[in-house]
Structure formats: C-alpha cells, structure tokens
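Work through the exercises below with the sequence and model at hand. Try each task before reading its solution.

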Amino acid sequence: MRHLGGFVLGLVATAALLAGAGWAVQQAMANTQAPAGQPLWIALGAMAAVGLVTGLVTAGRVSPLAAFVPSMALLAWTVVYALDMNRALSFIPAEPSMHQILRDAGAGARTLLTSGVYALLGVAMFIPVLMPSRWARRDDYEDEDEDYEESRQGGYY
C-alpha cells in the first residue's frame, strides 16, 4: 500500500515539475524586462512551491516510487531529446486550441528541457531510489535492535 501511495505521489510530483515549473519559468522570463511586480512574485512563488514538492518527494520518508516516477519521466524525455530533438519537442503543447496556461507551461518546459535542467533534476531525484534503506519500512530497522541481548554486567563505565 505504501508503494501505491508513492506511485500516486510520484504522478503528482511529475505534473508539478512539468507543468508548474514550466509555467513559472515562462512567467519569470516574460517579466524580466519590467520592474518586479506581482506577476514576477507569483512566478517565483510557484517556483518555490515546485522546489518544495520536489524536495519533499526526494528527501521524504515515503516510498521511493515517489521520486522514481518523476525522475524516469524527466530522464526519458531528456534521452528522447538527445536522440531525436524534433520528436521530444513535439510532446510540448503549442497548439492554438490549447489553453494559454498550458501553452505557457509548454514554453517553459521547452526552456527547461533544452537547457538540461530536466536532466539535472532527473538524476538528482534518481539518487534516493538507489538507497536500500528507502525500500524498507521503518519497522524493519526497529526489529533488528531487539535481536541483541543486553549484558547483565552493566555498562562500560
């Protein structure tokens, strides 16, 4: 059950990384010429929220699938970009029939993909998956401590 919850959390984190970070980057880039106004602060707040979600998923004590799902999505998209640039960029929503927010998120995702930020985030989120302690429950570690017998002679001092 823990891993199912981690998988769902990974899907949410993937959406936050792809759509939220893309939208925030596009809004921040569009508002760099003007003085710091409300749209820039909203974009920076959205970036901070995406960073918070990413950090909690990467360092949190949930299933490692929560970090594995977004890392594989980001790394796979980066590999597709490296092998076939046109195909990778065709996944980005740019149709005029799409909502403006989705087009902005797509433009920001294009920036993050082509600059290598998605590759960097994908590798950073994959590292916790390699740690065996993330796959075991916390209860498994507490049971190991009970296997040792305490000595009746007292402590060292």
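**Exercise 1: the buried side of a helix**

In helix α6 (residues 117–126), the buried residues are Y118, G122 and M125. Work out why they lie on the same side of α6, then find what covers them.

Solution.
- Start with the terms. Buried means under 20% relative accessible area, exposed over 50%, partly exposed in between (1.4 Å probe, protein chains only). Helices are DSSP runs (H or I, at least four residues), numbered from the N terminus.
- The buried residues of α6 are Y118, G122 and M125. They span an arc of only 70° around the axis, so they sit on the same side of α6. The arc is taken from the directions from the helix axis to the C-beta atoms.
- Their cover includes α1 (2–30), α2 (38–59), α3 (65–83) and α5 (100–115). Contact means heavy atoms within 4.5 Å.

A note on the source: this is a predicted model, where local features need pLDDT of at least 70, side-chain atom pairs count only at pLDDT 80 or more, and totals for chains, interfaces and linings use all residues. Residues are numbered from 1 along each chain as its sequence is written, and side-chain values use heavy atoms, without hydrogens and water.

**Exercise 2: an aromatic pair**

Classify the pair F68 and F126.

Solution.
- Rings of Phe, Tyr and Trp (its six-membered ring) pair if their centres lie within 6.5 Å; planes under 30 degrees apart are stacked, over 60 edge-to-face, the rest tilted.
- The structure has two aromatic pairs. In F68 and F126, the ring centres are 6.1 Å apart and the planes at 40°, so this pair is tilted.
- F68 is in helix α3 and F126 in helix α6, so the pair ties together parts 58 residues apart in sequence.

Conventions
Helix = DSSP H or I, 4+ residues; strand = E, 2+ residues; numbered from the N terminus.
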